[in-house]
Amino acid sequence: MSFRRGVVRQSKFRHVFAQAWKAEHCIDDVRVSRVTWDGPLCAVNPKFTAVVIESGGGGAFLVLPLNKSGRIDQATPTVCGHSAPVLDVQWCPHDDNVIASASEDCTVKVWQIPDGGLTGPMTEPVVTLEGHSKRVGILAWHPTAFNILLTAGCDNLVCVWDVGTGELVYQIADAHPDLIYSVSWNREGSAICTVCKDKALRVIDPRRGTVLKVKEKVHDGTRPMRAVFLSDGKILTTGFSRMSERQLALWDTSDMSEPMAVQEMDTSNGVLLPYYDPDTNMVYLCGKGDCTIRYFEVTDESPYVHFLSLYSSKEPQRGAGFLSKRGVDVNKCEIARFYKLHERKVEPISMTVPRKSDLFQGDLYPDTASVEPSLLAEDWIAGQDAPPLLVSLSGGYVGAPSKNRDTLRNKPKLSSQGSGTDSPPIIRSPTLRLTKIRRTDFHRSNVHCSCFSAQASLLFLLVSFSSVFFAAIRP
């Protein structure tokens with residue numbers, strides 16, 4: 001019937017469910033930083049997990065192999081080259097061993113982590129970037145150009161660096177009149193979007209330093225906001241309403257007069273941190289101090305932002321790390337993984353699509369961004385843009401061994417009994433017959449051994465009884 005059409009929205013991500021890993025797979029005794037900064041405090045890539053931790057006399061963060069679990073000893077080496085608390089860490093998307101850290105000491109440092117993790121405290125960075133006059137709390141690597149890093153600090157400056165030379169190539173000084181809350185690159189790396197304490201959303205060309213679009217009062221509340229570029233050029237923002245209700249809004253950069261969609265959630269005080277997956281077009285919202293993770297799907301159909309579900313737990317989160325798509329387990333149909341920060345624990349949470357088949361699910365895993373950059377730093381500085389290079393996740397897929405692999409390798413021959421008859425062919429399997437014969441022989445041998453053991457035991461009892469009897473009647 002026609003009245004049922006459109007009641008249920010068709011989507012392969014409608015039944016995504018979140019599941020926390022068991023306690024033995026968590027990381028325990030991690031002293032997560034208590035710094036008063038609304039950042040994730042954690043960064044994850046397919047090789048390592050980095051967590052900002054408490055440190056006396058400076059700033060430090062912990063780097064562990066991704067498969068590390070269990071209790072972390074207090075003597076575990078850390079990256080401890082900052083003279084003030086670390087506010088943000090971000091892994092380079094084009095080198096899984098390179099990580100950048102921003103600190104209250106007004107510097108940004110880039111580190112080279114050896115394969116296998118740290119063997120001792122690391123105090124000397126590869127390069128130190130000095131250009132901010134106040135603390136630096138935002139880092140954003142360029143998505144396609146090699147060695148291009150963006151930083152933003154409390155001095156209202158946005159700086160773009162060439163990490164390979166340590167040179168400051170661009171600086172945006174006049175675009176923001178107040179504190180910058182977040183910065184996000186678009187998919188090609190040709191523009192950035194920022195949100196500021198003046199409640200305005202800006203789209204900026206970082207190479208020319210010009211503001212392309214401005215939207216005043218994206219959210220009416222005074223609490224911090226966040227913004228992230230989507231793969232199709234739209235912008236998703238999180239913030240607060242005038243009544244302190246947390247909101248999510250979707251904006252079309254071609255017409256920012258009104259939002260495409262607005263959703264109100266609750267009245268909590270935690271800042272919503274958006275994590276966007278361009279492959280599935282899903283957005284995950286983690287609030288600092290919350291016990292939940294909400295996830296939405298963004299589509300071209302009204303109302304454009306569709307709520308899917310939420311993960312709820314008993315303990316609040318102090319931050320969260322979002323694993324790159326190259327690190328998820330495609331064997332289990334895992335499409336995303338979070339590393340939730342507790343007060344003294346790091347807990348992995350998997351987002352999974354339920355599927356019955358053991359085969360690689362190509363519709364869940366489109367080609368994702370590769371570790372190879374599309375451009376060199378000098379090419380992007382010269383004005384070139386390019387989309388990210390893509391790689392298939394099926395190359396890293398290890399299929400489960402087939403239960404019938406021997407049968408499939410040696411297919412039985414078909415033969416028919418008699419001639420001129422319509423009887424169906426009979427499948428003759430000599431391997432199966434041989435297995436039956438061996439099992440029968442083994443059973444018979446067991447029976448013979450059991451009978452022999454029983455006879456020997458009876459004979460032993462008779463001999464023992466006779467010796468006792470004759471000893472008793474002997475005068």
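# A walk through the strands, rings and charges

Let us start with strand E4 (residues 48-53), which is mostly covered, since six of its six residues are buried. Buried means under 20% relative accessible area, exposed means over 50%, and partly exposed lies in between, using a 1.4 Å probe and protein chains only. Strands are DSSP runs of E with at least two residues, numbered from the N terminus. Before going on, please note that this is a predicted model, in which local features need pLDDT of at least 70 and side-chain atom pairs count only at pLDDT 80 or more, while totals for chains, interfaces and linings use all residues. Residues are numbered from 1 along each chain as its sequence is written, and side-chain values use heavy atoms, with hydrogens and water left out.

In a regular strand the side chains alternate between the two faces of the sheet. You can follow this in E4: Phe48, Ala50 and Val52 point one way, Thr49, Val51 and Ile53 point the other way, and all are buried. Now look at the partners of E4. Two strands pair if DSSP finds at least two bridges between them. E3 and E4 are antiparallel and share three bridges, with Cys42 as the bridge partner of Val51 in E4. Three residues lie between E3 and E4 in their hairpin. E4 is also joined by six bridges to strand E5 (residues 59-65), and these two run antiparallel. Here Phe48 stands opposite Pro65 in E5. The hairpin of E4 and E5 has five residues between the strands, and in it Gly57 takes a positive phi near 80°.

Ile235 has Trp251 in E22 as its bridge partner.

Aromatic rings come next. Rings of Phe, Tyr and Trp (its six-membered ring) pair if their centres lie within 6.5 Å; planes under 30 degrees apart count as stacked, over 60 as edge-to-face and the rest as tilted. The whole structure holds 12 aromatic pairs. In one of them, the ring centres of Tyr284 and Tyr295 are 5.9 Å apart and the planes stand at 40°, so the pair is tilted. Tyr284 belongs to strand E25 (residues 282-287) and Tyr295 to strand E26 (residues 292-298), 11 residues apart. Tyr284 and Tyr295 are both buried. Tyr284 also forms an edge-to-face pair with Phe338, at 5.3 Å centre to centre and 70° between the planes. Because Tyr284 lies in strand E25 and Phe338 in strand E29 (residues 334-341), this pair ties together parts that are 54 residues apart in sequence. Ring pairs link Tyr275, Tyr284, Tyr295, Phe322 and Phe338 into a cluster.

We finish with the charged side chains. A salt bridge is a side-chain nitrogen of Lys or Arg within 4 Å of a carboxyl oxygen of Asp or Glu, and by this rule there are 19 salt bridges. Arg71 and Asp29 meet in one of them, at 2.7 Å from N to O. Arg71 lies in strand E6 (residues 70-71) and Asp29 in the loop between strand E2 (27-28) and strand E3 (42-44), so the pair ties together parts that are 42 residues apart in sequence. With a relative accessible area of 53%, Arg71 is exposed, whereas Asp29, at 26%, is partly exposed.

Another salt bridge joins Asp266 and Arg294, whose closest N and O atoms are 2.9 Å apart. Asp266 sits in the loop between E23 and strand E24 (272-277), and Arg294 in strand E26, 28 residues apart. Asp266 counts as partly exposed because its relative accessibility is 21%, while Arg294, at 13%, counts as buried. Both take part in a network of salt bridges that links Arg246, Asp266, Asp290 and Arg294. Glu334 and Arg337 also form a salt bridge, with the closest N and O atoms 2.9 Å apart. Glu334 counts as buried at 2% relative accessibility, and Arg337 counts as buried at 7%.

Technical notes. Helix = DSSP H or I, 4+ residues; strand = E, 2+ residues; numbered from the N terminus.
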